[in-house]
Amino acid sequence: MRLNIKNVSVVFPATGGRPPVEALSRINLAIEDEEFVVALGASGCGKSTLLNLIAGFLAPSSGDLTLDAAPVAGPGADRAVVFQKHALLPWLDVLDNVALGLKIQGVGAAQRHETANRFIELLGLDGFQKSPVYMLSGGMQQRVGIARALTCDPKILLMDEPLGALDALTRERAQELILNIWNDTHKSIFFITHSVEEALFMGTKLIVMSPRPGRITHTFDLPFSKKFLAGEPARQVKASADFIRLREEVLKIIFADEEEAVA
Ligand SMILES: Nc1ncnc2c1ncn2[C@@H]1O[C@H](COP(=O)(O)OP(=O)(O)O)[C@@H](O)[C@H]1O
Ligand SMILES: [Mg+2]
């Protein structure tokens with residue numbers, strides 16, 4: 001799998017007396033097979049716009065997006081989105097929520113439930129198949145959303161601040177779970193977060209964006225998720241000298257952008 005974003009800009013037209021917004025300017029980014037790319041940056045720097053472009057919800061004003069050399073022309077089953085608000089259907093149980101994407105594709109009940117059960121197990125939700133989703137905790141609901149995204153076997157998972165609504169402890173557990181699933185399923189992931197610590201811990205590549213217009217200003221290769229997957233405890237990885245040094249460097253970049261935006 002190779003997603004290639006070449007010279008992409010997005011301008012939202014003027015509305016209601018407000019001037020046009022250059023949400024993204026000349027973005028170049030490649031996402032390779034099994035890469036975990038994390039986007040970080042101040043609010044309004046165009047992170048969700050970039051994800052919406054990859055998802056095919058939005059077309060670029062100029063530039064090209066290709067997935068395995070084919071133009072991205074709209075949404076497709078090769079790209080699955082996990083939102084912060086999990087977008088589950090409250091009247092369906094866990095099994096049917098996880099199987100929903102397959103149902104929409106016309107997969108029969110027996111086969112879609114078998115596939116859904118595999119991902120329910122992978123996400124640690126076994127035993128909750130018949131539970132209504134509104135009875136689950138926020139962390140469990142988010143895992144239902146991730147299981148649903150995985151059932152359609154996408155080439156790339158797109159996650160827009162998927163853990164932003166979780167409490168600190170649940171969030172750390174969910175980070176570890178997502179890394180383990182990434183390691184097991186070999187998916188590519190594009191992941192947006194506000195948390196510098198989360199970004200550094202999760203990604204293999206970090207892009208830092210700045211607003212007005214939205215640009216990628218810095219790119220870092222990250223070694224930390226590999227250390228966790230090799231057996232080092234998560235907290236130990238996050239407390240290591242290399243991690244803290246890079247965390248402070250990235251925070252400095254982001255604070256400088258915010259001061260510039262306020263000035
Ligand atoms: N549909 C839209 N119409 C006009 N402006 C938009 C629209 N969507 C986003 N924007 C603007 O584009 C910029 C980038 O937004 P967004 O991608 O949501 O940023 P982020 O996810 O990084 O917070 C912001 O200034 C936002 O107000
Ligand atoms: Mg956003």
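Colleague: How do the residues of the shell around ligand 1 divide into nonpolar, polar and charged?

Modeller: This is a predicted model, and in it the shell around ligand 1 divides into four nonpolar residues, seven polar ones and one charged residue. Among the residues around the ligand are Phe12, Val21, Ala23, Lys47 and Gly214, together with Gly41, Ser43, Gly44, Cys45 and Gly46.

Colleague: Which element supplies the largest share of the shell around ligand 1?

Modeller: The largest share comes from helix α1, with three residues, while β2 (21–32) and α1 (47–55) each supply at least two residues of that shell.

Colleague: Turning to the sheet, in what order do the six strands lie?

Modeller: As a general idea, the strands of a sheet pair through backbone hydrogen bonds, in either the parallel or the antiparallel sense. Here the six strands form an open sheet with mixed pairing, in the order β6-β7-β8-β3-β9-β10. The edge strands, each pairing on one side only, are β6 (79–82) and β10 (215–221), and the twist from one strand to the next averages 20°.

Colleague: In which sense do β3 and β9 pair, and over how many bridges?

Modeller: Strand β3, residues 36–41, pairs with strand β9, residues 205–210, in the parallel sense over five bridges; within this part of the sheet, alanine 39 has isoleucine 207 of β9 as its bridge partner.

Colleague: Which strands does helix α5 lie across?

Modeller: Helix α5, spanning residues 138–151, lies across β6 and β7 (156–160), and the helix runs at about 175° to β6.

Methods:
Residues numbered from 1 in each chain as written. Chains lettered and ligands numbered in written order. Predicted model: local features only at pLDDT ≥ 70, side-chain atom pairs only at ≥ 80, totals over all residues. Pairing = 2+ DSSP bridges. Helix = DSSP H or I, 4+ residues; strand = E, 2+ residues; numbered from the N terminus. Axes fitted to C-alpha atoms, helices over the stretch in contact; angles between N-to-C directions. Contact = placed C-beta atoms within 7 Å. Near = placed C-beta within 6 Å. Nonpolar A, V, L, I, M, F, W, Y, C, P; charged D, E, K, R; others polar.
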